[in-house]
Amino acid sequence: MREDLIVTALALFRGKRSAMAAYHLLQGKRTIQTVQDGTFFNQLFLFGTLPHLTKEAFQHTLETLEKDQFITFEQDICVPTKKAEARKNACLATHSYLYQLNGWMFGKVERRFWERFSLLIQSLSHLYEKVSFAPTTHNVWNQQWVRGILNQYEHDVTPLNNQLYWECETILREQSTINAELFVRQLSRPRRVGQTKAQLSQVYKMDALEVQLRTQAVIHTFCSCAYNQQDTYLALSQCFAHNEVNRLTASANKTAQLLNQNVKLERIAAIRQLKTATVEDHVVEIAMSDNRFSIEPFVTPSIQKQIETVLQQQDDRKLRDIRNEIGEHVSYFQIRLVLAKRERDRYVRA
């Protein structure tokens, strides 16, 4: 499946980026270039799906794909063939759960969420039957967190148990049967120890990477519900480290904090000792990631309309061509902001 993911990433770039752009996306490199590439080409869901992919292994795969006529190279640009396009379509049709992945947003918090969630499930089920157990995680902090939650229901954990059951059932009902099974069978309860991904790979005769990604797809869905619908998913939201979720790169996040204080771009550049162009990159990243962010302070509605008019004629145009058609009174920064907002409105998922 690893090769399928690589072909899919390369094909989605449509010959507009180098092969290394696909490598950085799949490996999960948190840079503005990666998030821009992933967003503009509607494949940010692939971010971090192959975190252990080495450059050597990636290069070897490229050589194989070129030999098998899935890709060709034009200077530094990787151009997918019709075979690659067909393989990409087949991969996404077979593995539609990939669209549920949001490693850019939840990659840093998914492990803690899973450890807390699975330990809470284990604790509640064993408390219900009044039997002792060995915890699924050795992480002392997560063990203390679960004790703290349970202590809030010292006399009766039934309300928590019922709420958590409803929330899990609500989410899992919307998952495919196979994904729900893989998720649930990894949970421990009395007389049944949760199975490992390696064990499930053998049971279902499924590639280990596929088991991992299917599980992540469900976990990211749980994370999304816990993060975005806290009032509905009360129990799950407690398992979630909300303060650790950030759609932005670390540097862009610092710029965002200054923007929220109404600091001008030139001043931000001076304060942070950065080039103005770098700060502009951060603003583009923020525009792509935050639905609440308005680009109007940087691009007037009339200029937005001019840019949109040109984009409607041909969606896939170079910045230079767009600017030449509109005029030099419009900056590349303004064009990129309109493109960022456009792609965000189309594709960025919560």
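Let's start with a word we'll need: a residue is buried when its relative accessible area is under 20%, exposed when that area is over 50%, and partly exposed in between (1.4 Å probe, protein chains only). This is a predicted model, where local features need pLDDT of at least 70, side-chain atom pairs count only at pLDDT 80 or more, and totals for chains, interfaces and linings use all residues. Residues are numbered from 1 along each chain as its sequence is written, and side-chain values use heavy atoms, with hydrogens and water left out.

Now look at helix α2, residues 19–27, where Ala19, Ala21, Ala22, Tyr23, Leu25 and Leu26 are buried. Helices (H or I, at least four residues) and strands (E, at least two) are DSSP runs, numbered from the N terminus. The buried residues of α2 pack against α1, α3, α4, β1 and β2. After α2 comes Gly28, with a positive phi near 95°.

On to the core. A nonpolar core is a set of buried Ala, Val, Leu, Ile, Met, Phe, Trp, Tyr and Cys residues joined through side-chain atoms within 4.5 Å. The largest one here has 71 residues, and Leu5, Leu10 and Leu98 have the most contacts inside it. Apart from it lies another core of 34 residues, including Phe106 and Trp145.

Finally, the backbone. Most residues other than glycine have a negative phi. Asn42, not a glycine, has a positive phi of about 55°; look for Asn42 in the loop between α3 and α4. Lys130 also has a positive phi, near 55°, and sits in the loop between α7 and α8. Asn42 is partly exposed at 32% relative accessible area, while Lys130 is exposed at 76%.

Methods: Contact = heavy atoms within 4.5 Å.
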